[in-house]
Amino acid sequence: VGRSRTVEQFLLSAARKRAFQVIVVESAPSCTGHEMAANLTAANIDTVLVSDAAAFAMMSRVNKVIVGCHAVTANGGIIGRTGTRIVAACAKHFSTPVCVVTGMYKVTPIYPENHGDFNLLGSPDDVVRFSNSELVRDNIEILNPQFDYVPPNLISLLITNQGGNPPTYVYRLLGELYDSEDYDIEMPLR
């Protein structure tokens with residue numbers, strides 16, 4: 001989904017040992033997937049670029065979904081690029097495993113209780129140009145969220161620089177990374 005430097009490096013490294021095809025979702029409106037597809041193609045990796053709307057249609061051809069993230073939450077969910085949750089839900093429908101490639105420094109002790117707290121809104125002009133004054137004149141609220149929360153039940157494996165773990169193992173990783181006295185927030189018992 002879009003461009004992730006971590007996923008790109010993962011795929012470039014994997015391409016040295018085996019041949020595979022990558023389907024990149026363009027991640028509109030930023031369309032960073034275009035850059036990802038161009039970089040993978042330049043490395044001679046068979047790459048297909050599809051629109052966000054085609055994710056469900058293409059999922060039947062996919063045997064693994066590999067995504068990056070901005071953070072791994074304390075319950076094993078992730079905060080990822082907008083569109084990641086849709087792709088993960090499509091993968092669950094087709095029983096396709098979802099692997100999240102990330103560094104351990106992105107594991108956080110925060111629980112995603114209110115998803116709006118961590119989301120940022122991008123410029124509405126990226127979605128609908130201001131020059132299209134009909135929509136602006138009709139007082140339509142245009143939102144451009146930058147992140148999605150993907151719950152742990154949609155994730156199969158977290159691949160970090162310390163190895164692969166299921167999302168249910170994040171509590172152990174947190175115990176290794178943080179002391180309970182270091183938490184700024186009171187952690188609910190789960």
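Analyst: Two strands are said to pair if DSSP finds at least two bridges between them. Helices (H or I, at least four residues) and strands (E, at least two) are DSSP runs, numbered from the N terminus. The structure above is a predicted model, in which local features need pLDDT of at least 70 and side-chain atom pairs count only at pLDDT 80 or more, while totals for chains, interfaces and linings use all residues. Residues are numbered from 1 along each chain as its sequence is written, and side-chain values use heavy atoms, with hydrogens and water left out.

User: How many helices and strands are there in the protein chain?

Analyst: The protein chain has six helices and nine strands. Of its 190 residues, 36% count as buried; buried means under 20% relative accessible area, exposed means over 50%, and partly exposed lies in between (1.4 Å probe, protein chains only). Contacts, meaning heavy atoms within 4.5 Å, can also be sorted by separation along the chain. Among contacts between residues at least 6 apart in sequence, 75% join residues at least 24 apart.

User: In what sense do β3 and β6 pair, parallel or antiparallel?

Analyst: Strands of a sheet pair through backbone hydrogen bonds, either parallel or antiparallel. Here β3 and strand β6 (residues 98–101) pair in the parallel sense over three bridges. Valine 65 has valine 98 of β6 as its bridge partner. Strand β6 is also joined to strand β8 (residues 157–160) by three bridges, and these two run parallel. The bridge partner of valine 100 in β8 is leucine 158.

User: What is the order of the strands in the open sheet of four strands?

Analyst: The order is β3-β6-β8-β9, and the pairing is mixed. Strands β3 (65–67) and β9 (163–165) are the edges, each pairing on one side only. On average, neighbouring strands of this sheet are turned by 25° against each other, direction ignored; such angles run from 0 to 180 degrees between N-to-C directions, with axes being lines fitted to C-alpha atoms, for helices over the stretch in contact.

User: Which residues of β6 are buried on its two faces?

Analyst: In a regular strand the side chains alternate between the two faces of the sheet. In β6, Val98 and Val100 on one side and Cys99 and Val101 on the other are all buried, leaving both faces covered.

User: Which strands form the open sheet of three strands?

Analyst: That sheet has the order β4-β5-β7 with antiparallel pairing. Its edge strands are β4 and β7, each of which pairs on one side only. Helix α4 (residues 84–93) packs on this sheet and touches β5 and β7, its direction making about 35° with that of β7. Strand β4 (residues 71–72) pairs with strand β5 (residues 78–81) over two antiparallel bridges. Alanine 71 stands opposite isoleucine 79 in β5, and valine 72 stands opposite isoleucine 78. The two strands form a hairpin with five residues between them, and glycine 76 in the turn has a positive phi of about 95°. On its way to strand β7 (residues 147–150), β5 is joined by four bridges, running antiparallel. Isoleucine 79 stands opposite tyrosine 149 in β7.

User: Where is threonine 82, and which residues does it touch?

Analyst: Threonine 82 lies in the loop between β5 and α4. It counts as partly exposed because its relative accessibility is 23%. Not counting residues up to four places away in sequence, threonine 82 touches Val1, Ser27, Pro145, Gln146, Phe147 and Asp148. Its C-alpha atom is separated by 8.5 Å from that of tyrosine 149, 67 residues apart along the chain.

User: Where is asparagine 114?

Analyst: Asparagine 114 is in the loop between β6 and α5 (133–137). With a relative accessible area of 45%, asparagine 114 is partly exposed. The C-alpha atoms of asparagine 114 and tyrosine 149, 35 residues apart along the chain, are separated by 10.0 Å.

User: At what angle do helices α1 and α2 pack?

Analyst: Two packed helices are described by the angle between their axes and the distance between the axes. Helix α1 (residues 5–15) and helix α2 (residues 33–42) pack at about 20°, with axes 11 Å apart. The angle makes α1 roughly parallel to α2; angles under 35 degrees count as roughly parallel, over 145 as roughly antiparallel, 65 to 115 as roughly perpendicular and the rest as oblique.

User: Which residues of α1 and α2 meet?

Analyst: From α1, Val7, Glu8, Leu11 and Leu12 meet Met36, Asn39 and Leu40 of α2. By class, this contact has five nonpolar, one polar and one charged residues. Ala, Val, Leu, Ile, Met, Phe, Trp, Tyr, Cys and Pro count as nonpolar, Asp, Glu, Lys and Arg as charged, and the others, Gly among them, as polar.
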